Amino acid sequence: MLDRRRILNWLLGGSAFAWAGSVLHPVIRFLMPPPEQEAAVSAVKATTLTEMTPNSGKIFKFGRKPALIVRRSDGTFTAFMAKCTHLDCIVQYREDKERIWCACHDGFYDLNGTNVSGPPPRPLDALEVHMQGDDVYVTRKS
Amino acid sequence: MSTSPENPDRAILAWAKDRYPIAKFAEWAEHKTVPVGPNAFWYYFGGITLFLFLIQVGTGIMLMFYYKGSADTAFASVRFISAKVPFGWLIRSVHAWSANLMIFFAFIHMFSVFFMRAYRKPRELTWLSGIVMLALLLGFGFSGYLLPWNELAFFATKVGTDIIGVIPLIGEPLMYVLRGGEEVTGSTLPRFFALHVALFPALLTIFIVAHLFFIQLQGIHEPDEWQEQPEKRKTMPFFPHFFMRELLLWLVVLNILAVLAVFFPAELGVEADPFSPAPAGIKPEWYFLATFEFLKYMPAHVGPIEGEQFGLLLISIGFVAWCLVPWIDRGRNRTVTTIVMAAGVTILVFLSIMTYLGHSV
């Protein structure tokens, strides 16, 4: 049976809990930065045909994030987000191995973005490449 | 007592005695002792760690006079400190070396306490507060590493915070708070700066006070065999015998620090660029190398979970067990003690090998 003391204790405890919550909530919310508006990137001009020789790679800005475009030895292009799926490092193109390499933990991806050796658990996020005359445009995968 | 102006020392003492219980303190200090024996050498390392922390506070405040904690200015301001400010290179190098030595001596202190089994009842909270302090020191190291905003630190921070993000449930929000967003950017730097110069020093000070308070209340742990053979018990007074020896060691450490800072000054490297690929050979500071190397050996997947997560899970289990050592080994069962000590040796050997591999590969 609920006596008066117990009800009072519940009320007091509940208010204390609510009070602590009302103090902590703004503090925690303050520490979480508001999400920045992702610049609506539809297409980015990553490079030009003349700029990149076959068997080379280049980091470019895709919105606010780094992306990697690779010109294969056969002259075709392929592009990925440059963030390693292992621990976030920025990957680079290794001309000597014709593979994409993450220097942080020696992870390799092939030119389809598939993780082929080292610790990366997943393939790189792929982007789409479109040619427009001499310009090479990159868009998100549709 | 005379309060005549010819005797100013005594006058000050008399003034203080009139207001504070100095006599009680003097009596307490007179009776404070430290065990003497083959293990006595290890009792000095906690004090050395404290000394290095005091150096960190001093040099840290000095660096703050010139350091500018934003992504646009941080690297340039550290370069200014190193290149233009008179003795700036020295102060910065002492700060960097002292940080490394402090963590090194904290590890020595912890393992010596472990192998002397000084964590046992009634010193469980001293042990736990020590572990919290070691964690804080590692936090200091991690947050301070980013402040010069150079390439190595930038990628080490990316990797380090990403590892935090792997922790189930709290990892993602914690990583978001630490980074000040999804990625390590200019928003990360002021957060790390605030942790490094405000939150961590405040917390560490509280824990140092608690740690020392526990030691004052309970005295320094004496070797187990003294309980069975009290005739072997031998101590020395803390004041001045132990205290003077400790001060002498502080002087030796200060000299080592000066030699290291002068002959191996802290490097600055290349300014961080969030749009350049990670350089080859990025490594965290040596005290994170063992973890870094261990995670490297994890396969991409272990059963249903990612390798990193599995590695972190193993490390977390080890850490919790390490915290619970005073409750696991209560000194009642010889077999348990032997197993715990053997585990301690294994951990020490494992950490040393992993650190060596991480350093040399």
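Author: The centres of domain 1 of chain A and domain 2 of chain A, taken over C-alpha atoms, are separated by 51 Å; the domain bounds come from an automatic or database domain assignment, which gives 1-34 for domain 1 and 43-140 for domain 2 of chain A. This is a predicted model, in which local features need pLDDT of at least 70 and side-chain atom pairs count only at pLDDT 80 or more, while totals for chains, interfaces and linings use all residues. Residues are numbered from 1 along each chain as its sequence is written, and chains are lettered from A and ligands numbered from 1 in the order in which they are written.

Reader: Into which domains is chain B divided?

Author: Chain B is divided into domain 1 (1-31), domain 2 (40-151 + 186-272) and domain 3 (288-361), and the C-alpha centres of domain 1 and domain 3 of chain B lie 52 Å apart.

Reader: Why is chain A described as more spread out than a compact globule?

Author: The radius of gyration is taken over C-alpha atoms, and the globule rule is 2.2 Å times the number of residues to the power 0.38. For the 142 residues of chain A the rule gives 14 Å, whereas the radius of gyration is 25 Å, well over that value, so chain A is more spread out than a compact globule. Along the principal axes, the C-alpha atoms of chain A fill a box of roughly 85 × 35 × 25 Å.

Reader: How many helices and strands does chain A have?

Author: Helices (H or I, at least four residues) and strands (E, at least two) are DSSP runs numbered from the N terminus, and by this reading chain A has 1 helix and 10 strands.

Reader: In which order do the 6 strands of the open sheet in chain A lie?

Author: Two strands pair if DSSP finds at least two bridges between them, and in chain A the 6 strands follow the order E1-E10-E9-E4-E3-E2 with antiparallel pairing. Strand E1 (43-48) and strand E2 (56-62) are the edge strands, each pairing on one side only. Between E1(A) and strand E10 (residues 135-140) there are 5 bridges, with Lys45(A) having Tyr137(A) as its bridge partner. Strands E3 (residues 65-71) and E4 (residues 77-81) of chain A are also joined by 5 bridges; they form a hairpin with 5 residues between them, and Gly75(A) in the turn has a positive phi of about 95°.

Reader: Which strands make up the open sheet of 4 strands?

Author: That sheet has the order E5-E6-E7-E8 in chain A, with antiparallel pairing, and its edge strands are E5 (92-94) and E8 (115-117). E5(A) pairs with strand E6 (residues 99-102) over 3 bridges, and Arg94(A) stands opposite Arg99(A).

Reader: Which residues have the most contacts inside the largest nonpolar core?

Author: In soluble globular proteins, nonpolar side chains tend to be buried together. A nonpolar core is a set of buried Ala, Val, Leu, Ile, Met, Phe, Trp, Tyr and Cys residues joined through C-beta atoms within 7 Å; a residue is buried if 20 or more other C-beta atoms lie within 10 Å of its own, exposed if 12 or fewer, and partly exposed in between, with C-beta atoms placed from the backbone. Here the largest core has 86 residues, and those with the most contacts inside it are Ala67(A), Leu68(A), Cys89(A), Val91(A), Met102(B) and Trp149(B). Helix H5 (residues 88-115) of chain B contributes the largest share of this core, 13 residues.
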